[in-house]
Amino acid sequence: MDTLNAIKPILDSVRVLESEHIVVGWMVPVIVIAGAFIIGLIFEKVVLGHLRKLAERTPWQGDEIIIHGLRGVTTMWFLLAGTFAAGYMIPIHPTILGLIHKVLTVLVILSGTVVVSRIVVGFVNLSGAKEGAGLPSASILSKVAKFSVYLIGVLIVLQSLGISITPMLTALGVGGLAVALALQDTLGNLFAGIHILASRKIRPGEYISLETGQEGMVTDISWRNTTIRTPNNNLIIVPNSRIGSSIVTNYFQPDKEMSMAVPINVTFQSDLDKVERVATEIARQVIKASPGAVTEFAPLVRFGTMTDNGVTANIILKVRDFDSQFLIRHELIKQLVRQFKTEGIEIAVPARVLRMKPDDLPPGAPR
């Protein structure tokens, strides 16, 4: 008993030393991980913040897209790098260390996939936002691009884990036929939407009219539907396959500028030379006062037909886009009616003359 009592303090001291050694052994890796995380935050706030301000001053918008793609991910990369380095400082079994390395590798690949996806989608949207260059902006393009990047990222993750992707690709190829048969309508709309965008006949932001009578501004072309906003601010959802097979009038192509005709009808007693002169002068005044009119185009007055009650003419002028015609037509008609009254030009109105035979008159009526 005396011997045990003498050895016990020594054993206690050994246990304390071992505990202190374990604490010291774990303290350094924890400091490394925390330091890497703090450096990542500083890099995110200071370095990327400074680069973001510099990118805003450059005319090229691609650098802003790249910096936006890195936002929030660089801190994670520093943290993963610190964790990877700390793994070699901890006395753990090699099997566990290998498992940690695999997890870190997967996280690096997935975070890199997120960055690449943001950058690719950003450039797709940037290309569509440019007038006359690149592809039009539509959600179908960004979704296809994002899906493709994530699919490649998942395949890289599986390959890094030692999982052969060749059998999976073979199975997907065989199963793809069954899926294609089951989703004919969905795939038909998907490829119709891609064809619509690739042909550049219809793009978001353009005003179109369908052969069925619906018309409005194209707001989006998704993987299944084309969304059209009507002048009444309602939405028309049309399947892409219907758009692809329909007769469509695009008021924005080949150019946004379009001619508009405002018909007028004057009586046979009117002086047509005077009508032409007054209408042309009023049209010039409206063009100068309307921002949506094409001032370089001189308005024209062309007499077209003679009706039962007068002569019909069209006042022809140009507007910058489809929406501009409504206000210009409104002002032109108001000023035409006002000036015609002042000039004594009579506007023809529908009239009918009823002739009755004497035998058809009621008794006592004058014959």
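Rings of Phe, Tyr and Trp (its six-membered ring) pair if their centres lie within 6.5 Å; planes under 30 degrees apart count as stacked, over 60 as edge-to-face and the rest as tilted. The model is predicted, with local features needing pLDDT of at least 70 and side-chain atom pairs pLDDT 80 or more, while totals for chains, interfaces and linings use all residues. Numbering starts from 1 along each chain as its sequence is written, and side-chain values use heavy atoms, without hydrogens and water.

**View 1. The stacked pair of Tyr207 and Phe322.** Five aromatic pairs occur in the structure. In the pair of Tyr207 and Phe322, the centres are 3.9 Å apart and the planes 20° apart. Tyr207 lies in strand β1 (residues 207–210) and Phe322 in the loop between β8 (311–319) and α10 (324–343), 115 residues apart in the chain. Strands are DSSP runs of E, at least two residues, and helices runs of H or I, at least four, numbered from the N terminus.

**View 2. The ring cluster of Tyr207, Tyr251, Phe322 and Phe326.** Tyr207 is buried at 3% relative accessible area, as is Phe322 at 6%. The rings of Phe322 and Phe326 are edge-to-face, with centres 5.6 Å apart and planes at 80°. Phe326 is partly exposed at 47% (buried is under 20%, exposed over 50%, partly exposed in between; 1.4 Å probe, protein chains only).

**View 3. The lining of the second largest pocket, formed by Val144, Phe147, Ser148, Leu190 and Ile194.** Helix α5 (139–160) and helix α7 (184–199) each supply at least two of the lining residues; α5 gives the most, three.

Methods: 1 Å grid on protein atoms, 1.4 Å probe; cavity = no way out; pocket = protein on both sides within 12 Å on 5 of 7 lines; lining within 4 Å.
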